[in-house]
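Let's take a walk through this protein together, starting with its inner spaces and working out to the open ones. Keep the viewer at hand as you read.

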Amino acid sequence: MISLISIILFSHFILSSWLGNAQGATLTFNVIRFGAKPDGITDATPPFLKAWAAACAAATASTIYVPRGRYLLRSAEFRGPCKSKIRVQIDGTLVAPVDYRALGNSDYWILFIQVNWITVVGGNLDAKGAGLWACKASGKSCPTGARSITFNWVNNAEIKGLTSINSQLMHIVINSCKNVKVSNVKIIAPDLSPNTDGIHVQSSTGVTITNALIKTGDDCVSIGPGTRNLWMEKIKCGPGHGVSIGSLGRAFEEDGVENVTLINSAFSGSDNGLRIKTWARPSKGFVRNINFRNIVMKNVENPIIIDQNYCPNNEGCPSQGSGIKISQITYQNIQGTSATKVAMTFDCSHTNPCSNIKLNDIKLTYLKSTKAQSFCKNIAGSSGGVIMPENCL
């Protein structure tokens, strides 16, 4: 007869083979226990998905642990809903396949979808984007590419301490989410890498981004339709295309952007600073209650710009009046140097002029000897304090 002690010991052995370490009431699922090898060569996607399935089914809060090492990961979808909170602790580096065609037209590399109460901590993502960039530069037919890490329909999430390099497309995407905190992240890609936005937010509410270092080939932060209550603080941007609201107005039926704040941030060598960009076509969209405060510019092209005739490469431009209504935009304590002679550009829609634009304590100088200039069209607002370049409101 099997003794009770034998049954207990056997059960403990089975449990230990699946779990890493138990810390209090939190279960830990170590990806190595599920077969992942930290050699950067062996496909770790199936073990990662198995670890996720175990954590997602757990009745109590759990941690998926990725130890030090390099883990080859193909397109992976981590889908909820899950029974309890999950923490993904990454001490290693996740690497994409060297052949960019492996991710192909999947649109995503790492996807979290329909998950609540997820935390991603630490780790490095190396998406190996250079091959796809070279393909696009050659003019050949290329796959669309993949965003590095995407959160779709995720609520109450936190991403902290993550480093993402060389994404094929956008690095971090937050789409249709509520209450997401992003902090202490580093995002790096060459300044000429196409469409490598650092952080993209759209159709989301209650997102905060703090202490982010972003050096990339597109917008450091891009803000799409349907974004509300976005707080950004201590962002270091450059190279890159700045912090951009838009482009907006691609569609007539489009959600607006409102209640966005950026404070205590710095731009260095970026192609733009604080940018709002919309297509010149009819739309029901809007941009309102936007606050930019305590910003330093160093050798930045277009430090302050509203462009309602946005049309990259001047190809297929709609050349109509933008329907996006821009109002209640505040610029306060913006200082530094402009790499372009026109440091402030307000090129607003002739059908929906910008209104209630407020300038307060703006001190932007042109790097060369001549004074910086400002440009205003179809705009109304007010100013206070010192305004350099000369106010055109």
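One cavity of 30 Å³ or more is counted here; on a 1 Å grid over the protein atoms alone, a cavity is a set of points where a 1.4 Å probe fits but cannot get out. Before we look inside, please note that this is a predicted model, in which local features need pLDDT of at least 70, side-chain atom pairs count only at pLDDT 80 or more, and totals for chains, interfaces and linings use all residues. Residues are numbered from 1 along each chain as its sequence is written, and side-chain values use heavy atoms, with hydrogens and water left out.

The largest cavity has a volume of about 130 Å³, a volume being the space filled by probe spheres set on grid points that are joined across faces, edges and corners. Its lining (residues with an atom within 4 Å of a point) has 13 residues, with Phe48, Phe78, Val88, Ile90 and Phe112 nearest the centre. By class, that lining has 13 nonpolar, no polar and no charged residues; Ala, Val, Leu, Ile, Met, Phe, Trp, Tyr, Cys and Pro count as nonpolar, Asp, Glu, Lys and Arg as charged, and the others, Gly among them, as polar.

Helix 2, strand 3 (62-66), strand 6 and strand 8 each supply at least two residues of this lining. Helices (H or I, at least four residues) and strands (E, at least two) are DSSP runs, numbered from the N terminus. Phe48 is one of the buried residues of helix 2, together with Thr45, Pro47, Ala51, Trp52, Ala55 and Cys56; buried means under 20% relative accessible area (1.4 Å probe, protein chains only).

Phe112 turns up again in the largest nonpolar core: of its 94 residues, Phe112, Ile209 and Tyr331 touch the most other members. Such a core is a set of buried Ala, Val, Leu, Ile, Met, Phe, Trp, Tyr and Cys residues joined through side-chain atoms within 4.5 Å.

Now for the open spaces. The largest pocket holds about 900 Å³ of space, a pocket being an open set with protein on both sides within 12 Å along at least five of seven lines. Met170, Asn195, Asp197, Asp218 and Arg250 are the closest to its centre among 36 lining residues, which comprise 11 nonpolar, 16 polar and nine charged.

The second largest pocket has a volume of about 220 Å³. Of its 16 lining residues, Trp117, Ile118, Thr119, Asn156 and Glu158 are the closest to its centre.

Key: Buried means under 20% relative accessible area, exposed over 50%, partly exposed in between (1.4 Å probe, protein chains only).
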